[in-house]
Amino acid sequence: MGRLRFLLYASGFSLGLCVLFSLQAFWVVHAKPDLTHINHDLYHSSENLMKEIKGLVHRHPNKLSLETVTSRNKGYQAEVAVVTYGRRRKENDDRSKYRILLSFGQHGRELITSELALRILSVLSGEHFLPNMDSDFLNSTLDKLIIKVVPMENLNGRELVESGDLCERRNGRGVDLNRNWSVDWGKKEEDFDPYEENPGIAPFSEPETQIMRKLALSFDPHIWVNVHSGMEALFMPYDHKNRTPDGVMSERMKSLLENVNLLHCHQRCMIGSGGGSVGYLAHGTATDFMYDIVNVPMAFTFEIYGDETASTKDCFKMFNPTDFGTFNRVLNDWSAAFLTVFKLAPQQIGEVPYKASVSKLEKWVSIDEYLDGYLMERSSRYGKKKEVFELGMQEIRTYFRLFLLSSVLLMFMFCSRISKGKSSRPIVSAIPL
């Protein structure tokens with residue numbers, strides 16, 4: 001009897017241990033990973049970052065100016081701040097200088113990019129000095145430039161991240177702004193992620209991209225850089241093709257990127273086309289639009305940071321440095337990299353003949369603006385004003401496909417109704433009864 005009781009106790013104890021270990025295993029498998037949250041000792045909130053930028057503009061009105069552009073589409077509103085830097089500016093002086101357009105914060109979760117925008121503006125205003133910076137040489141370089149900086153292209157998406165959705169890259173209504181441009185828009189690869197890469201219902205359906213397109217067409221830059229994080233890379237066109245463009249300017253772009261990689265990226269950065277280097281093709285991107293449609297001589301995408309050891313669920317750590325040393329190194333290294341771009345890119349462009357203004361059909365606008373009578377007056381790079389009444393050819397194709405689809409559906413409904421009408425008629429015999 002005692003032996004039997006011992007066996008019962010032992011089996012019960014073993015069963016209890018099995019249940020305990022099973023629960024532990026279940027907890028390990030299903031427990032949420034320890035996610036990294038925003039370090040507010042390092043990162044500004046979107047509101048405070050814009051306050052810092054407005055303070056810089058207020059303290060340096062001879063160098064910086066700020067405008068805020070608002071656009072609305074189907075009840076959704078977006079606001080984009082644009083900071084312009086220019087030394088010794090005179091009326092109508094912009095056309096005689098090299099024009100540079102920089103965009104940061106296109107994806108909400110990439111907070112480090114907007115911090116870099118603030119750091120670059122601090123350097124340009126003279127409030128922050130980089131190690132080994134030659135101030136005299138920098139000043140002589142900057143005298144030749146007009147620089148427009150968009151510190152936070154995707155403010156609505158950034159606010160979603162700040163509210164706790166740390167993996168959000170899209171805008172306030174779920175569209176990836178770097179898939180909403182017209183070049184090869186809407187094409188989906190086999191690995192297409194409809195959540196991450198939602199291109200919107202049409203090219204330029206989003207107010208943010210509408211604002212950026214108008215800014216690019218009116219400013220007509222010589223150099224464009226779209227700044228992201230997630231890896232360390234220096235990309236040039238194309239994103240939607242597995243190759244770089246042909247021609248001398250393409251070689252000049254690659255040479256410039258190799259210099260930046262050597263001087264500031266310590267040879268860590270991947271170089272080449274976005275589509276050929278990153279492992280997947282991206283359609284409807286800003287950089288391809290700038291290069292192919294706006295005809296920007298030098299168009300780039302810079303990826304300034306990425307933590308390959310981070311879990312795919314730990315988005316803040318994956319896209320943003322989390323300690324002060326790395327944070328400061330990234331901002332200093334990439335600020336210096338941009339100063340190198342400011343110095344070398346105009347030299348490269350000046351040595352190569354290029355098309356200074358593009359034809360009317362090469363600069364496309366959305367069909368809705370065309371129907372509203374979109375008319376833009378702007379100056380060419382030689383100062384000659386012209387009115388451009390432009391039409392987006394790829395967008396026409398999109399609307400034409402929708403028209404064909406609706407026509408087929410209407411024809412099908414019409415034929416179905418006729419068929420139904422014939423079948424419902426009484427049958428009349430031709431032979432008298």
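Hi everyone, let's start at one residue: histidine 266 is partly exposed, with a relative accessible area of 47%. For that scale, buried means under 20%, exposed means over 50%, and partly exposed is in between, using a 1.4 Å probe and protein chains only. Before we go on, please keep in mind that this is a predicted model, where local features need pLDDT of at least 70, side-chain atom pairs count only at pLDDT 80 or more, and totals for chains, interfaces and linings use all residues. Residues are numbered from 1 along each chain as its sequence is written, and side-chain values use heavy atoms, with hydrogens and water left out.

Back to our histidine. Histidine 266 sits in the loop that runs between α7 and β7 (270-273). Its phi is near 55 degrees, a positive value in a residue other than glycine. Most residues other than glycine have a negative phi, and most peptide bonds are trans.

Where else does a positive phi turn up? Asparagine 295 is one place, with phi near 65 degrees, although this residue is not glycine. You'll find asparagine 295 in the loop between α9 (286-292) and β8 (298-305), and at 23% relative accessibility this asparagine counts as partly exposed.

And which peptide bond is cis? Look from proline 237 to tyrosine 238, where the bond is cis and omega is near 10 degrees. Tyrosine 238 belongs to the loop between β6 (231-236) and α7.

Now let's step back to the whole chain. The protein chain has 13 helices and ten strands; these are DSSP runs numbered from the N terminus, H or I of at least four residues for helices and E of at least two for strands. Of the 433 residues in the protein chain, 49% are buried. Take the contacts (heavy atoms within 4.5 Å) that have a separation of 6 or more: residues 24 or more positions apart account for 78% of them.

So what about the inside? The largest nonpolar core has 89 residues, and Ile147, Phe302, Trp334 and Phe342 are those with the most contacts inside it. Helix α11 (residues 324-350) gives the most to this core, contributing twelve residues. A nonpolar core here is a set of buried Ala, Val, Leu, Ile, Met, Phe, Trp, Tyr and Cys residues joined through side-chain atoms within 4.5 Å.

Let's zoom in on phenylalanine 342. Leaving aside residues up to four places away in sequence, phenylalanine 342 touches Ile100, Leu102, Leu124, Thr141, Leu142, Leu145 and Ile147.

Next, the helices packed against α11. Two packed helices are described by the angle between their axes and the distance between the axes. The axes are lines fitted to C-alpha atoms over the stretch in contact, and angles run from 0 to 180 degrees between N-to-C directions.

First on my list is helix α7 (residues 248-264): its axis and that of α11 come within 10 Å and cross at roughly 150 degrees. That makes α7 roughly antiparallel to α11. The contact of α7 with α11 is made of ten nonpolar, five polar and two charged residues. As for the angle classes, under 35 degrees is roughly parallel, over 145 roughly antiparallel, 65 to 115 roughly perpendicular and the rest oblique. For the residue classes, Ala, Val, Leu, Ile, Met, Phe, Trp, Tyr, Cys and Pro are nonpolar, Asp, Glu, Lys and Arg are charged, and the others, Gly among them, are polar.

Then comes helix α3 (residues 111-125), whose axis comes within 9 Å of the α11 axis, crossing at roughly 60 degrees. That makes α3 oblique to α11. This contact of α3 with α11 holds twelve nonpolar, three polar and two charged residues. On the α11 side, Trp334 and Phe342 are among the residues that α3 meets.

Helix α4 (residues 135-142) packs on α11 at an angle of about 55 degrees, with axes 10 Å apart. That makes α4 oblique to α11 as well. Here Phe137, Leu138, Thr141 and Leu142 from α4 meet Leu339, Phe342 and Lys343 from α11. By class, that gives five nonpolar, one polar and one charged residue in the contact of α4 with α11.

One last stop: helix α5 (residues 155-162). Which of its residues are buried? They are Leu155, Asn156, Gly157, Arg158 and Val161, and the buried residues of α5 pack against α2 (46-59), β2 (76-86), α3 and α6 (207-219). Just after α5, glycine 164 takes a positive phi of about 125 degrees.
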